[in-house]
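Okay, thanks for making time, everyone. Let me put the structure up and then walk you through it.

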Amino acid sequence: MKSIVRSFVSLICLLFYAQMSIGQEAIKTSPNKQLFDSLFYQGVLSANTGKYPQAEEFFTQAYTLDSLSPALCFSMGKAIISQLAEADSVARQSRMGEVETWLGRGYRLAPLDLEMGNLYARVLIYREKEREAYGVLEDLIDKFPERDELKIQLMEVARSSDELTEATFPLMKQWLEKATDEDAVVSFFSEIVRISLEQKRRQDLLQAVRTLTERFSTKTNFRILGIFTLISADEYKEAAKQLKKLERISSDPTDKYIMRSIYLIATDAKKAYKYIRKGLSNPEIDNEKKIQLLYEIFSSQVKEAKGWTDRQTDSLVEELYRIYPQESDVVHFYILWCLQKEDSAYTEQAYQTIEQAPEIEIIYEVLLSHAIEKEDMQQVHRICDLSKKNRPLDHLYYLFDAIAYTNEEKIQQAISELQLGLDRISTAPGDTDKKKTALSQLYSAIGDLYYAQSDLDSTLNAYEKSLEAYDSNADVLNNYAYLLAERDTDLDKALRLIKKAYDLNPDNHNILDTYGYICQKKGLLEDAEKYYRMALKDPEGAMNSTIHDHLGEVLLLMGKKEEAIEIWQQALILTEDKKEPLRKKIRAAGGEPQY
C-alpha cells in the first residue's frame, strides 16, 4: 500500500510540473479543425484554471471530432488525475483506469512523446501493472538513452519481481560504466550493491566498486562510498587497497582520518581506539566530522560485532570534550551523549557544562528541553535559575520558570517570576525591538495567569501594558479583544484590536473565531458567518468544536436552521465534554442529535 501511495504522490508531482502542450500534428489531422480547435483550447483553458470537470466535457466533445490527437489524450488524462487528490480509494482506482486508457491511446499515437510516455508508465505503476510499465520504460530508454531518470525508474519497477531484477541487472552495470551525472551514478551503484549483497554476487559487487573508483578516480566522495561498501560487505582486503589509494589522492586530512577510523573499527578495535583518540586532538581535522564519527560509533551496531566496547566510546567522547570544552558543537554533542545515558551521574555532568561555558546558549536549550520532556519541574527551575544568573536579560527563562511554577499550582510564584523578568529587562539600557517583544510576552503571560484566576481587571491591565510595550503582538490583541467581547464592554475597541490581529495573522483560526464572535456580538451576522467559515478552513480550526458551535449559533440567528443543525452535528463528533449542550441546541432547533 505504501508503494501505491508513493507512486500516486509522484504521479501528482509529475502532473504539477507538466505543461499543457498542444500537439500540432493532431490539429492538422482534425476532420473539423476549426470546431476541434475551439473545443480543445477551451478544455485547456478550463484545466489551467482548475475547472477540470468542465475541461473533461470539452475534451470529450473534441474527441468525437478527432480521435487521433495525442495531445487531446494527454490533456484528458491529466485533467482526470487533477481531480483525484481528494477522491476515495474506490473512485480513484476506477478513474485511474480511465487515465490509463487515455494515456495508452495517446502514447500509441505519439510514441516519441517522452512526457506522455513517462506519465503513462507512472500510471501503470500506480495500477500495479509493473510488467507493462517496464515495457514502456524500456521503449522510452531505447528512444532516449541519455535520460537517466528513465533508467532509475526502470530499476524501481524491476524490484517488483525476481525475473525483472535479473533482466535489469546487466543493464545497470552498463549504465554505471557510462553515466556521468553523479546522482545517477550513485543510484546505479547502490542498486547493484543491494542486489549483489542480497544474492551473494561477490564478483559483481567488487566489479561495481572498481568501476566506480576507476571511472571517477579523482572523486574523493566516490572512493569513500566504495570503501564504505567494501567494509559493509566484509571485504576488508579490498577496502584496505582502496583506503591506501584514497590516502594518496586526497589532500583532506579529515577524509583520511574518518575512513581509516571506520576501517580499523571493522578490523582491529584496539588499533582503532588508539588511532581515533590521537586524531581527536588534531586541529586540522574538522570537529564536526569527529563528532559525526563518534556518533556513528555509539549509535551503530558495528562496534558490537567487532569487539568494540561502550567504554571505549565513552572514553573518546570524554576526551573530545576535555580538549574542546569551549566549542559549541562539541559541548552540544557531549551533553546529548550524557543525557542519553539516562544515568544521574552523567546527567549531573551535563549540567556542569554550564559552569565550564556559561556563554554557550545551546547548553541551556538542550538541558531545558530534556527537563521538560522528563516533566522534571525541579530541573526546569534549576536550569532557569542558572540561565537567569548568566543571562539575566533572556526573557524566555523567566517564562519557562513561570510555566514550571504554574504546573506546580504555585500561581503567585509564577507571577513573581515574570515580574522579576520585567523589572530586570525594563531597566536594561536600550530600546530595541527584542526588548519590546520580551516585555510584551512577559506582560502577556502575567495577563494569562490573572485570567486563569478570574481576575479580569488585572488581566486587562496586563494586556494593555503588553501592547504598550509592543503593539503588534497578535496573540495579545486577540486575547484582549475576546475578553472585551466576553464582558460586552467597548465592542468598538474589541473590533479595532481584532482587526489589527487579523491583519498581522489572517490565517490563524483563533483570531478568525474571535473576529466572528465580535461581529456576532455587534449584530454583523454575515461578517460573523464569513470569519467563522474562514476559521474552519484552517486544519486546526476544522477540528475545533467551539468554532462549529459559534457558527451554528450565527446560522440559527440568520434563519438557516438546517445548516445550523448540520454544523452542530459535526461539532458533536469533535467534543466529549460539550455534547449535552450541543444536543439541546439541536433539539431546540427542531433536529435530532445523531451522536
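Predicted model: local features only at pLDDT ≥ 70, side-chain atom pairs only at ≥ 80, totals over all residues.

Before I talk about domains: the bounds come from an automatic or database domain assignment. On that basis, the protein is split into domain 1 (68-160), domain 2 (475-543) and domain 3 (545-594). The C-alpha centres of domains 1 and 2 are 48 Å apart.

Numbering runs from 1 along each chain as its sequence is written, and side-chain values use heavy atoms, with hydrogens and water left out.

So how confident is the predictor? pLDDT is its confidence in each residue, from 0 to 100; the mean here is 89, and 93% of residues reach 70 or more. Over residues 1-30, though, pLDDT stays under 50. The model does have 52 contacts for that stretch beyond four places in sequence, a contact being heavy atoms within 4.5 Å.

On to the fold. We have 35 helices and 0 strands; these are DSSP runs, numbered from the N terminus, with helices being H or I of at least four residues and strands E of at least two. The radius of gyration is 33 Å, well over the 25 Å from the globule rule for 595 residues, so the protein is more spread out than a compact globule. That radius is taken over C-alpha atoms, and the rule is 2.2 Å times the number of residues to the power 0.38. Along the principal axes, the C-alpha atoms fill a box of roughly 80 × 80 × 45 Å.

Buried residues make up 48% of the 595. Buried is under 20% relative accessible area, exposed is over 50%, and partly exposed is in between, using a 1.4 Å probe on protein chains only.

One helix I'd pick out is α27 (residues 456-469). Its 14 residues should span 20 Å at 1.5 Å a residue, and the end C-alpha atoms are 20 Å apart, which agrees; the expected span uses 1.5 Å times one less than the number of residues. Among its buried residues are Leu460, Tyr463 and Leu467. The buried residues of α27 pack against α26 (433-452), α28 (474-487) and α29 (491-504).

Last one: is glutamate 417 buried or exposed? Buried, because its relative accessible area is 10%. Glutamate 417 sits in helix α25 (residues 411-426), and beyond four places in sequence it contacts Lys388, Tyr398, Asp401, Ala402 and Tyr405.

Methods
pLDDT = per-residue confidence, 0-100.
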